[in-house]
Amino acid sequence: MSGGLFLVMEGPNGVGKTTTATRLAERLRERGRSVHVTSEPSNTPLGRLIRASESTLSGRALALAVAADRYKHITDEIQPALDAGQVVISDRYVQSSLVLQRLDGLSLQEIWQYNAQVSPPSLSFYLHHTHEVLQRRLNHRPRLSRLEHDGSPQQELALYEDAFHFLRERGWHQARIDCQDLDPNDVVTTLLHHLEHIERA
Ligand SMILES: Nc1ncnc2c1ncn2[C@@H]1O[C@H](COP(=O)(O)OP(=O)(O)OP(=O)(O)O)[C@@H](O)[C@H]1O
Ligand SMILES: Cc1cn([C@H]2C[C@H](O)[C@@H](COP(=O)(O)O)O2)c(=O)[nH]c1=O
């Protein structure tokens, strides 16, 4: 992708994607960067429809709806921000589909078919934690989504590992961040080290 820098925050439910994306944006802004934080499903009528249909839209229909939202997200929001030289941080992207749609019964190959034409990010951060901590965080939530309820942190972690290897074989730039013993600021410091490395390259 041309222009700015396209970063993606991935990892199991409750690992800290949203927290980390927000704090990374703050730290980058302090360094004078212009940052656009976004998420998938997108904050558009289609993305909001997908979120609102979470309990009823499933399997192939959900996989296709999420992929359609992603292509529109790229053309309408991500690419224009990159063209304007911004750093774009997306809370969830393709690795999420390779996990969540698999939990919903699809194969990696089918999910990839729907996502094969997307723009690869400059760097995808895969946040990782122990299943015990993830389960504890989910236990504190007032309600769980259908996929959070149907899956488990252990299952999700195993599928995220598969997805990480699957994307690596396809040449995606990814960094696996072990968040154990790291508070949110430490996680962001680790991400910034990775960014310095890719921006030097
Ligand atoms: N590094 C961290 N250390 C301790 N707690 C954290 C850390 N990162 C996030 N948390 C806490 O974990 C909880 C889940 O964080 P967050 O909502 O950012 O996760 P998420 O991955 O975006 O979740 P979801 O995928 O379900 O939306 C929050 O209570 C947050 O404050
Ligand atoms: C990106 C993406 C999202 N989903 C679904 C799964 C959840 O219902 C929401 C994401 O909500 P969260 O607040 O970020 O946990 O969207 C999906 O099924 N597949 C995807 O690739």
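This is a predicted model: local features need pLDDT of at least 70, side-chain atom pairs count only at pLDDT 80 or more; totals for chains, interfaces and linings use all residues.
Helices (H or I, at least four residues) and strands (E, at least two) are DSSP runs, numbered from the N terminus. Local features need pLDDT of at least 70 and side-chain atom pairs count only at pLDDT 80 or more, while totals for chains, interfaces and linings use all residues. Residues are numbered from 1 along each chain as its sequence is written, and chains are lettered from A and ligands numbered from 1 in the order in which they are written.

**The domain record**
- For residues 10–143, an unreviewed UniProt entry lists "domain: Thymidylate kinase-like".
- UniProt positions follow the numbering used here, feature names are shortened, and annotations may be inferred rather than shown by experiment.

**Around ligand 1**
- Asn13, Gly16, Lys17, Thr18 and Thr19 come nearest of the 14 residues around ligand 1 (C-beta atom, placed from the backbone, within 6 Å of the molecule).
- Two helices, α1 (17–30) and α9 (184–200), each supply at least two residues of this shell, and α1 gives the most, with three.
- The shell around ligand 1 has five nonpolar (Ala, Val, Leu, Ile, Met, Phe, Trp, Tyr, Cys, Pro), six polar (the others, Gly among them) and three charged residues (Asp, Glu, Lys, Arg).

**Around ligand 2**
- Ligand 2 is surrounded by 13 residues, and the closest are Glu40, Arg92, Ser96, Ser97 and Leu100.
- Here α3 (59–83) and α4 (94–103) each supply at least two shell residues, with the largest share, four residues, coming from α4.
- By class, the shell around ligand 2 divides into five nonpolar, five polar and three charged residues.
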